[in-house]
Amino acid sequence: MPVVPISDLAAYDGQEVTVRGWLYNIRSSGKIIFPILRDGSGLLQCIVFKNNVTPEVFEKAKALTQESSLELQGMVRKVPEGKTAPGGYELDVKDLAVFQLVPADQPFPITPKDHGVEFLMDQRHLWIRSSRQHAILKIRHEIVRAVRQFFDDRGFVLVDTPIFTPAVCEGTTTLFEVGYFDEKAYLTQSGQLYNEATAAAFGKVYCFGPTFRAEKSKTRRHLTEFWMVEPEVAFATLDDVMVLAEEFITSIVQNVVKNRRAELLALERDVQKLERIAPPFPRLAYDEAVTNLQSHGSEIRWGSDFGGGDETILSQQFDRPVMVHRYPAQVKAFYMEPDPARPELALCVDVLAPEGYGEIIGGGQRASSLELLNERIRQHGLPSEAFDWYLDLRKYGTFPHAGFGMGIERAVAWICGLEHVRETIPFPRMLYRLKP
Ligand code: 4AD
Ligand code: MG
């Protein structure tokens with residue numbers, strides 16, 4: 001008898017199969033028991049008729065508890081017209097074997113009733129079995145798949161960058177320091193500096209891996225460990241990567257809409273808002289963004305960075321992501337290329353997702369002059385000896401180049417319509433959370 005994943009049962013209509021999984025839910029009415037099985041690929045309503053099985057099997061079915069692991073054998077049947085069951089197929093059970101019965105006096109801790117978020121986060125290893133978390137993590141997988149497909153289809157080479165690094169990329173305040181034999185190392189904040197080296201070797205590259213920031217802020221947008229995808233393109237300008245970013249985001253969103261509609265609906269996401277995402281995205285110079293924010297009651301002054309509240313105000317005004325470009329160089333990282341027309345500005349862009357989600361992408365054009373970078377490294381108080389290899393890139397064929405980084409969790413939160421990034425990654429790491 002074939003062992004079949006629940007998602008494939010349609011191809012076995014009228015045939016006998018074995019299915020394996022965990023008990024999601026159960027109800028009974030006298031002579032019939034309806035266990036609902038969960039196997040990771042879907043949910044299956046099973047029917048145990050007292051008259052169709054041995055008394056032992058019927059008793060075993062009756063005793064099943066939530067999340068007990070089991071194997072069922074039976075006939076696949078299309079759900080009759082007028083009735084509904086998940087997936088549209090049900091199983092007429094002939095036999096049942098239990099791998100482990102969860103003891104009734106020590107039941108599965110997560111029940112269909114409401115639990116507080118902190119409790120659920122403590123039970124994260126079990127919580128990921130629930131249908132909502134399952135839908136979010138399936139969408140995350142689709143986003144990761146679409147990210148890779150986008151760059152692979154455009155001739156980018158995947159070149160992974162290291163996690164242990166000797167130097168800072170995004171600013172000294174959010175570094176995690178680790179012992180590295182007799183030296184100190186830092187967990188990477190971004191693969192960008194190494195990406196600039198690989199871009200000179202391969203032209204168009206991307207890296208995709210975990211990144212780390214010792215973020216002391218407890219907000220709905222911050223994790224201490226998150227996944228970032230970063231393309232870097234030789235000879236590209238700020239404008240080039242803005243076009244790349246809008247095509248990239250559009251492609252990811254439309255792949256999710258096409259391939260994960262059921263999961264979006266399970267999350268009660270307004271899919272129409274996602275269907276609308278298409279180029280061109282609105283572009284707003286930092287100067288205009290400041291005026292805009294002030295007219296909406298923000299206290300922002302020219303020259304400072306936006307707070308989370310400012311990003312929310314801006315991103316609520318557009319039905320697609322808005323690209324804010326040319327921030328003052330003083331609020332950005334050391335490697336930014338100055339705008340030749342106004343050197344106090346950096347040739348950079350932040351992409352803010354709509355519906356109040358805020359920044360999902362940061363990027364721009366990189367400084368290509370050796371003198372300027374030396375000066376910036378001094379100004380930012382960075383240890384020059386850690387950057388000698390990076391400066392070599394400006395000595396041996398320096399080139400205009402640009403790129404960006406997108407945080408996967410922020411993208412998942414927006415696309416799924418979630419309140420907080422903590423549900424977008426299987427095991428979130430935050431200021432007060434290292435477990436499970
Ligand atoms: O804007 P950031 O700091 O840019 C960089 O790291 C550049 N070196 C990227 C590049 O140009 N190659 O971070 C990029 C993105 C943000 O827009 C956000 O989506 C995400 O990374 N991000 C975080 N996501 C979750 N938690 C945090 N603490 C994050 N910090 C940044
Ligand atoms: Mg940023």
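Let us count Ala, Val, Leu, Ile, Met, Phe, Trp, Tyr, Cys and Pro as nonpolar, Asp, Glu, Lys and Arg as charged, and the others, Gly among them, as polar. The model is predicted, so to speak of local features we need pLDDT of at least 70, and side-chain atom pairs count only at pLDDT 80 or more, while totals for chains, interfaces and linings use all residues. Residues are numbered from 1 along each chain as its sequence is written, chains are lettered from A and ligands numbered from 1 in the order in which they are written, and side-chain values use heavy atoms, without hydrogens and water.

**Exercise 1.** Describe the shell around ligand 1 by class and by nearest residues.

*Solution.* Start with the classes: seven residues are nonpolar, eight polar and eight charged. Next, pick out the nearest of the 23 residues (a heavy atom within 4 Å): they are E170, Q192, E230, E359 and I360.

**Exercise 2.** Find polar contacts from ligand 1 to the backbone (N or O pairs within 3.5 Å).

*Solution.* First, take the oxygen atoms of ligand 1: one is 2.8 Å from a polar backbone atom of I360, and one is 3.1 Å from a backbone N or O atom of G407. Then turn to nitrogen: a nitrogen atom of ligand 1 lies 3.4 Å from a polar backbone atom of F404.

Terms used: Polar contact = N/O pair within 3.5 Å; in protein donor to acceptor, adjacent residues only side chain to side chain.
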